[in-house]
Amino acid sequence: MPNEKVERCAWATTDLYRAYHDKEWGNPVHADDKLFEMLILEGMQAGLSWLTILNKREAFREAFDQFDCRKVACYDDAKIEELMQNEKIVRNRLKLKSAVTNAQQFLKIQAEYGSFDAFIWSYVDGKPIRNHFTSEEEVPARTPLSDRISKDLKKRGFQFVGSTIIYAYMQAVGMVNDHVKRCHLYQP
């Protein structure tokens, strides 16, 4: 019904946020290309709003070869300079360089585990953690598990993977489902 009032998590306040909330956030992702995209986007978001990143998402996809980690891993200084001139994306040299480093480390994990999916989902035994929060205020910014994943990724050479970024990543790729109880997407 077109006039039906749908209850969502309180942060889904714009059309773009609502579409992301309803179609992506909290849904399990197992495709390595999508897992890579979200890892890079979450790192780009550091210090910015997620809405800023969502608004720039298509430009990021174009600028980063559709988030093909094999291509991004080969970016050189000239490519970084080209990206620094792209007004449609976040132009932070450290973040741009970290995307290249993270692509290289992502490939190493794929070689070691067969896929990044196998690696990252092993932290939750392949099953999403379903939280049962009543309000958004209860949702943590980080957890002991995000601390552990962050530490492990940093040891492997990843950058822009602090615990808060990793917890947001876990939510984005559905390793954690933090839809609050009043939300129509809440799953008990």
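The expected span is 1.5 Å times one less than the number of residues, and helices are DSSP runs of H or I with at least four residues, numbered from the N terminus. The structure is a predicted model, in which local features need pLDDT of at least 70 and side-chain atom pairs count only at pLDDT 80 or more, while totals for chains, interfaces and linings use all residues. Residues are numbered from 1 along each chain as its sequence is written, and side-chain values use heavy atoms, with hydrogens and water left out.

Helix α2 is mostly covered, since 12 of its 14 residues are buried (under 20% relative accessible area with a 1.4 Å probe, protein chains only; exposed means over 50%, and partly exposed lies in between). Among the buried residues are Leu35, Phe36, Glu37 and Met38. Their cover includes α1 (15-23), α3, α4 (69-72), α6 (93-113), α7 (116-121) and α9 (163-172). After α2 comes Gly47, with a positive phi near 85°.

Arg61 belongs to helix α3 (residues 50-63). Its relative accessible area is 18%, and therefore Arg61 is buried. Apart from neighbours within four places in sequence, Arg61 is in contact (heavy atoms within 4.5 Å) with Lys34, Glu37, Gln66 and Phe67.

The whole structure contains 0 disulfides, a disulfide being a pair of cysteine sulfur atoms within 2.5 Å. The closest cysteine sulfur to that of Cys69 is in Cys74, 9.9 Å away and therefore too far for a bond. Cys69 counts as buried because its relative accessibility is 5%, whereas Cys74 counts as exposed at 62%.

Definitions and conventions. Helices (H or I, at least four residues) and strands (E, at least two) are DSSP runs, numbered from the N terminus.
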